[in-house]
Amino acid sequence: MLGIILMEHIKQHIEERLWNFIKRSYNSEDYKNAILDSIQFVGDIIRDKSGLDNDGNQLVGSAFGGSSPKIKLNKLKTESEKNVQKGIESILRGIYSAYRNPRSHSKSMILNKMPLR
C-alpha cells in the first residue's frame with residue numbers, strides 16, 4: 001500500500017513524458033535503472049534542443065558551456081545569469097560523472113568478467 005501511495009506521489013511531481021520513460025523500471029522496483037533511464041531522457045532532451053549527437057559530459061559541455069552555448073538558459077548578460085548557466089552545466093556534469101558513468105560502465109564490466117561457457 002505504501003508503495004502505491006509513494007508511486008502516485010512521484011507521478012504527481014514529474015513530467016508525464018519522463019514518467020512514461022521510467023515507469024517500467026520503477027514499477028518493477030528496478031530503481032537503479034529508473035534513475036539511469038531518467039538520465040538518458042535528459043540526455044535525449046539536450047540532444048534534441050542542441051542539435052548535438054554526443055553523450056555524457058561532452059554533450060553537457062558542448063550544449064551548456066563556453067562563451068556561446070547551444071542551449072542558453074538566460075540572456076547571459078549579468079554575472080548572475082552566467083553563474084546560473086555554469087551552475088546547471090556543473091550539476092549535469094556531476095550527474096553524469098558521479099552517477100551515470102560509473103553505473104553504466106560497471107554493468108558492462110561485470111558482464112565482461114563473467115566466464116563464457
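F41 is buried in this predicted model. Its relative accessible area is 10%, under the 20% cut-off for burial. F41 belongs to helix α3 (residues 31-50).

How many aromatic pairs does the model hold? The count comes to three aromatic pairs. In one of them, the ring centres of F21 and F41 lie 5.4 Å apart, with the planes at 55°. That angle makes the pair tilted, because only planes over 60 degrees apart count as edge-to-face and those under 30 as stacked. The pair joins distant parts of the chain. F21 sits in helix α2 (residues 16-27), 20 residues from F41. F21 counts as partly exposed, at 32% relative accessibility. Ring pairs also link W19, Y26 and Y31 into a cluster.

Next comes the surface. Which residues form a nonpolar patch there? L73, V84, I88, I91 and I95 do, with about 390 Å² of accessible area together. I95 is found in helix α5 (residues 79-113). I95 counts as partly exposed because its relative accessibility is 36%, between the limits of 20% for buried and 50% for exposed.

| Residue | Relative accessibility | Class |
|---|---|---|
| F41 | 10% | buried |
| F21 | 32% | partly exposed |
| I95 | 36% | partly exposed |

Helix α4 spans residues 56-64. Its buried residues are G56, L59, V60, G61, A63 and F64. G66 follows α4. The phi of G66 is positive, near 80°.

Definitions and conventions. Residues numbered from 1 in each chain as written. Predicted model: local features only at pLDDT ≥ 70, side-chain atom pairs only at ≥ 80, totals over all residues. Heavy atoms only, no water. Patch = residues over 30% accessible without salt bridge, like charges linked within 9 Å, V, L, I, M, F, W, Y side chains within 5 Å. Areas by Shrake-Rupley, 256 points an atom, 1.4 Å probe, with all protein chains shown as cover. Salt bridge = Lys/Arg side-chain N within 4 Å of Asp/Glu carboxyl O. Helix = DSSP H or I, 4+ residues; strand = E, 2+ residues; numbered from the N terminus. Buried < 20%, exposed > 50% of the residue type's maximum accessible area, 1.4 Å probe, protein only. Phe/Tyr/Trp six-rings, centres within 6.5 Å; stacked < 30°, edge-to-face > 60°.
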